[in-house]
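This report describes one protein chain for a reader who has not seen it before. Please look over the sequence and the structure first.

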Amino acid sequence: MDGVFQGSLLDVGTESGPRELAGHVRRTPLAHGAWVDLRPGWLAGADALFERLMAGVPWRAERRRMYERVVDVPRLLAYYRESDRLPEPVLDEARDMLSEYYREELGEPFRTAGLCLYRDGRDSVAWHGDRLGRGATEDTMVAIISLGTPRPLLLRPAGGGGPTLRYDIGHGDLIVMGGSCQRTWEHAIPKSARPLGPRISVQFRPRGVR
Ligand SMILES: O=C(O)CCC(=O)C(=O)O
């Protein structure tokens, strides 16, 4: 059964949309030229957006081959190519604001949006880097807006054997993984045995990064 969503007491009022980035983003440099930026509570009205996305996105279940078996991917997915219309205008606003804020450092705009729905604590994503495209060989950025119930996003050096960092993100928090992060570090959303409400992750990536 899906978990029950509880809104944040901080996300009340009529304000909605992305808040300021300049002066509110905290950067943590990591080993091997990677870094993480955090902007807690970036999106005002995040809980209402969460409810709309939950109801309005055509969520897809996927199955993947794991060794000899085909198994359910433990989360629901939706993917928006750069030519696709995003499901909510506030996501266009957020993507454009990120493109502007990181313009000099990234050198190109964010283009695609991947959405994941973690229905409850049993949904998860295993350790990985986004290395299907240019992230395998080039520095890049992946910007994630986290909506709904906070879940830990874990980060560790690729292959393990190093510190594991933990960011509990939900209710409109923004995290950006940058530099060499996709090829020299791995990230994961672990399963939880606790009864947890649902979470949606919105990932913006530049062209050719998957
Ligand atoms: O849920 C998240 O924030 C992470 C998603 C992720 O790592 C991915 O889809 O590649």
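His 187 is part of strand β13, which covers residues 185-189. The model is a predicted one. With a relative accessible area of 7%, His 187 is buried, because the cut-off for buried is under 20%.

The side chain of His 187 makes a polar contact of 3.5 Å with the side chain of Asp 130. Leaving aside residues up to four places away in sequence, His 187 touches Ala 126, Trp 127, His 128, Gly 129, Asp 130, Leu 153, Leu 154, Leu 155, Met 177 and Gln 182.

## The chain as a whole

The protein contains four helices and 14 strands. Its radius of gyration is 16 Å, close to the 17 Å that the globule rule gives for 210 residues, so the protein is as compact as a globular protein of that length. The C-alpha trace spans about 45 × 40 × 35 Å along its principal axes.

Of the 210 residues, 51% count as buried. The accessible surface comes to about 10700 Å², and carbon and sulfur atoms hold 52% of this area. Among contacts with a separation of 6 or more, 78% are between residues 24 or more positions apart.

## The eight-stranded sheet

Eight strands form an open sheet with antiparallel pairing, in the order β2-β3-β12-β9-β14-β7-β6-β5. Its edges are β2 (26-29) and β5 (60-66), each of which pairs on one side only. On average, neighbouring strands of this sheet are turned by 25° against each other, direction ignored.

Within the sheet, β3 (residues 34-39) and β12 (residues 173-179) are joined by six bridges in the antiparallel sense. Arg 39 stands opposite Leu 174 of β12. Helix α2 (residues 89-101) lies across β9 (142-148), β12 and β14 (199-205), and runs at about 45° to β14.

## Strand β7

Strand β7 (residues 112-118) is largely enclosed by the rest of the structure, because seven of its seven residues are buried. In a regular strand, side chains alternate between the two faces of the sheet. In β7, Thr 112, Gly 114, Cys 116 and Tyr 118 point one way, while Ala 113, Leu 115 and Leu 117 point the other way; all are buried.

β7 pairs with β6 in the antiparallel sense over five bridges, and Leu 115 in β7 has Ala 78 opposite. Seven bridges join β7 to β14, and these two strands also run antiparallel. The bridge partner of Cys 116 in β14 is Ser 201.

## Two residues with positive phi

Most residues other than glycine have a negative phi. His 32 is not a glycine, yet has a positive phi of about 65°. His 32 lies in the loop between β2 and β3. At 55% relative accessibility, His 32 counts as exposed, because the cut-off for exposed is over 50%.

Tyr 67 is also not a glycine and has a positive phi, of about 55°. Tyr 67 is found in the loop between β5 and β6 (69-80). With a relative accessibility of 74%, Tyr 67 counts as exposed.

Technical notes: Residues numbered from 1 in each chain as written. Predicted model: local features only at pLDDT ≥ 70, side-chain atom pairs only at ≥ 80, totals over all residues. Heavy atoms only, no water. Pairing = 2+ DSSP bridges. Axes fitted to C-alpha atoms, helices over the stretch in contact; angles between N-to-C directions. Contact = heavy atoms within 4.5 Å. Buried < 20%, exposed > 50% of the residue type's maximum accessible area, 1.4 Å probe, protein only. Rg over C-alpha atoms; globule rule 2.2 N^0.38 Å. Areas by Shrake-Rupley, 256 points an atom, 1.4 Å probe, with all protein chains shown as cover. Polar contact = N/O pair within 3.5 Å; in protein donor to acceptor, adjacent residues only side chain to side chain.
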